Amino acid sequence: MAKRIYLDHAATTPLDPRVRRAMEPFLAATFGNPSSLHREGREARHAVENARGEVARLLGAEPSEILFTGNGSEADNLALLGALGAANGGHVITSAIEHPAVLETCRHMERFGTEVTHLPANADGLVEPRSLVAAIRPTTRLVSVMAANNVTGVLQPVAELAQLAKEHGALFHTDAVQAFGKIPMEVGKIPVDLISVSAHKLHGPKGVGALYVRKGVEILPIVHGGGQERGLRSATENVAGIVGLGEACRLAGEEMSSEAARLVGLREQILNGVTSAIPNVYIIGHPYRRLPGHLCLGFAGQEGESITLLLALDEAGVAVSSGSACSASHADKPSYVLQAMGLDPIRARGSLRVTLGRFNTEEDVGRFLEILPRAAAKMRPVATHPAFSAGLKEGEGDERNGPD
Amino acid sequence: MRETGPIELPGLDCGLCGYKTCAELLERLPQKPDLIKRCIHLSEEAVLGQESTPKLAGAAQVPVECGACALRPSETLRMKGTQQWLDSLGREFDFYLEHFPEDPGPREIILPHNPMITREMKLRKGEILIGRPLGMSCGCPITHCGVVMEVDERTGVIVWCVTGPLGPRQLGYKDLGYYVAEGYEGLVRESRRELGIGMRYFFQPRMCMLQWRHSGLVNYMNRTKEGVQVRLEGLWIG
C-alpha cells in the first residue's frame with residue numbers, strides 16, 4: 001500500500017520524533033507535579049521553566065512573559081476576556097476572518113455589553129490598516145487580528161496594525177496559532193501585547209498552548225484555582241505537553257529560515273504543476289504574503305464539487321482540506337473567511353486547502369501532482385460552457401455573460 | 001515593485017521568499033527583478049498602500065460597518081439562528097423546513113437522471129451516496145452527500161437523508177451522478193403564512209448550505225405537537 005500523503009498541516013501536524021523523545025520521560029519516570037517541593041516536583045518545574053525559555057526565545061521575549069495554556073483557543077480566550085476584564089469593558093476591534101476562538105469570544109463579550117467592530121478583509125485576504133484607523137475609537141481597549149489566516153494562509157500586516165493600536169492607546173492581540181514558528185515574530189520589533197500560540201501546529205503535541213503577555217500588560221484570569229502560571233491560569237501544568245511545546249519551539253527556531261525556503265519551493269512547485277495541469281484553477285488570497293507551506297485553491301466553475309475532489313484525493317491517498325461540505329452540520333456555514341473576502345457563497349464553499357509541513361518531500365509533491373489532475377477530472381462542472389471554467393478571477397465575472 | 005532608489009532587503013533571512021537568506025535573493029534580483037515581490041516585508045507597503053491592490057466591492061472601499069452592502073461581515077456571522085424571513089440573497093420566504101428529529105438529515109425524494117442505475121448499483125438502505133441535483137427542479141451547484149432510506153427498484157426513485165461528507169469519507173460511497181430532487185419531507189415549526197394543501201410556498205430548507213429560498217407545492221400535511229409535517233413537490237430554487 002502506497003504511503004499516504006498528508007497535506008493538511010493547517011489542521012494539525014504530526015509529532016516530530018525529536019519532540020516525542022523529549023516528552024517521553026515526562027510520561028513515565030519524571031511524573032512530578034511542578035508545584036511540589038520534593039525532587040520529583042523540582043524536576044518537573046525545571047522542565048517547565050526550560051520549555052518556557054524556549055517559547056520565549058522564539059518570540060524574543062522574557063520567560064516571565066509566557067503563560068502556558070491548554071491550547072490556542074484557551075490562549076485566545078484568556079487574551080480577550082482577560083484583557084477586557086482588566087480594562088473593565090469597552091470597545092474591541094477584531095477582523096471578520098478570525099478563528100472562531102476569537103470571534104465566538106467576542107460574541108460572548110457582546111452579550112455582556114462589550115461593543116465589537118469587525119474589520120473587513122480585501123480581495124487578497126488582507127485586513128487593511130486604514131480600516132483599523134477608521135474603526136478605532138477613544139474607548140477601544142483591544143484590537144485582535146490574527147497573524148496568518150487558517151483558511152487562506154495570508155499573513156496579516158500585524159506590525160502596522162499593532163503600531164496603530166499602540167498609537168491609540170489600545171492593546172493589540174494576535175492569534176498566531178498558524179504563524180508561530182513559521183515566520184519571524186520578534187516582540188522587540190513589533191508592539192504586540194498578547195500572542196496566542198499552539199503546539200500542535202508546529203509538530204508539537206495537542207493539548208498545550210501558550211499566551212505571550214507583554215510585561216506591564218494587565219490581564220485577569222479566566223480559570224481560577226491553585227494559582228499556577230502567576231495566578232493567571234490555574235491548573236496543574238501539562239508537563240509533558242509543555243516540554244513538547246518547548247522542544248517544538250527550539251526546533252522551529254533552529255530550522256525556520258531553511259524550512260520556510262524549502263516549503264515555499266514545494267508550494268510553488270505545486271502551484272506551477274496544478275496551474276499547468278488544471279486550467280480553471282485559481283489561487284485564493286495574496287500570492288506571496290502567505291505562510292510558506294499554505295495554498296488555498298479554487299476551481300472555477302466546479303466549486304460545488306470540491307467534496308468530490310476531496311473524497312477522490314482521500315481515496316487516492318492524499319489528505320487535504322476543503323471548505324465545501326454539503327453537510328447537516330456545516331449547512332449554514334459557507335466559509336465566512338472567503339465570504340468576507342468577497343467570494344460568492346458558492347466559491348466560498350469550494351476551496352481546496354493544501355498545507356505542507358516538515359516531513360513533506362519533493363516526492364510527495366510529485367505524487368500529489370500526478371494524482372490531483374486525475375481526481376479533478378471526476379468533478380462535474382456546474383455548467384458546460386467553457387467560459388465558466390476558464391479560470392476567471394473575482395471581479396471578472398461579468399465577462400461570463402458576454403457574447404461567445 | 002519599487003522602481004526608484006536602491007533596494008534594501010530587511011536582512012531577516014526569514015525564507016518566505018523561497019531563498020534561505022536575503023543575500024541569496026539579492027544575488028538573483030539583477031536577473032529576475034520581479035522576485036522582489038516575494039519579499040513580504042518590502043511588498044507590504046506596496047500591497048497595502050497602492051491603488052493597484054485588487055479591491056473588494058463592499059469591503060475595504062466602503063467605511064467599516066456602513067450598511068451599504070447586503071453582506072456585512074458581522075451580519076453574515078449573525079445569520080445563523082435568526083428568524084428574519086430573508087434568505088442569503090435578501091429574498092423573503094414563508095417558513096423554514098426542518099428535518100425530522102429521528103432522521104440523520106433533510107429527507108429528499110430523488111430520481112437519478114438514469115433511473116436504471118438504482119438497480120444497476122444495487123442500492124440498499126443505509127448506503128452512502130453522493131450526487132448533484134440537476135434539472136428542472138432544484139438544480140444546485142453543490143454536490144450532496146446522504147444516506148439511503150428507501151429504494152424503489154421499479155421506478156428508480158430513492159429516498160435519502162442529506163448528511164455531511166464525513167460518512168462518505170469514513171464508510172465509502174457510491175456516486176449517483178446527476179439526479180432530480182422530486183420532493184422534500186420535513187417539519188414546519190413556524191410559518192409566516194397559514195399552511196394549506198395545494199398551495200405553493202417559498203421556504204428555506206434549514207440545512208441548505210447556500211441558504212437560498214426554495215419554492216414548492218404542499219401536497220401532504222399532518223399537524224403534530226412538534227409542528228406540521230409536510231411533503232413538498234414541484235420544487236424550484238428561487
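Four strands of chain A form an open sheet in the order 9-10-13-12, with antiparallel pairing. The edge strands are strand 9 and strand 12 of chain A, and each pairs on one side only. This is a predicted model.

Strand 9 of chain A pairs with strand 10 of chain A in the antiparallel sense, over three bridges. Y282(A) stands opposite G298(A), a residue of strand 10 of chain A. What packs on the sheet? Helix 7 of chain A does, touching strand 9, strand 10 and strand 13 of chain A. The direction of helix 7 of chain A makes about 10 degrees with that of strand 10 of chain A.

The elements named here have these residue ranges:

| Element (chain A) | Residues |
|---|---|
| Strand 9 | 281-283 |
| Strand 10 | 294-299 |
| Strand 12 | 321-322 |
| Strand 13 | 352-355 |
| Helix 7 | 239-277 |
| Helix 10 | 362-376 |

Now the helix pair. Two packed helices are described by the angle between their axes and the distance between the axes. The axes of helix 7 of chain A and helix 10 of chain A come within 10 Å and cross at roughly 20 degrees. Angles under 35 degrees count as roughly parallel, so helix 7 of chain A is roughly parallel to helix 10 of chain A. Their crossing is right-handed.

Which residues meet? Helix 7 of chain A brings L266(A), Q269(A), I270(A), G273(A), V274(A) and A277(A). Helix 10 of chain A brings E362(A), V365(A), F368(A), L369(A), L372(A) and P373(A). By class, this contact has nine nonpolar, two polar and one charged residues.

Technical notes: Residues numbered from 1 in each chain as written. Chains lettered and ligands numbered in written order. Predicted model: local features only at pLDDT ≥ 70, side-chain atom pairs only at ≥ 80, totals over all residues. Pairing = 2+ DSSP bridges. Helix = DSSP H or I, 4+ residues; strand = E, 2+ residues; numbered from the N terminus. Contact = placed C-beta atoms within 7 Å. Axes fitted to C-alpha atoms, helices over the stretch in contact; angles between N-to-C directions. Parallel < 35°, antiparallel > 145°, perpendicular 65-115°, else oblique. Left-handed = near helix turned anticlockwise from the far one by under 90°. Nonpolar A, V, L, I, M, F, W, Y, C, P; charged D, E, K, R; others polar.
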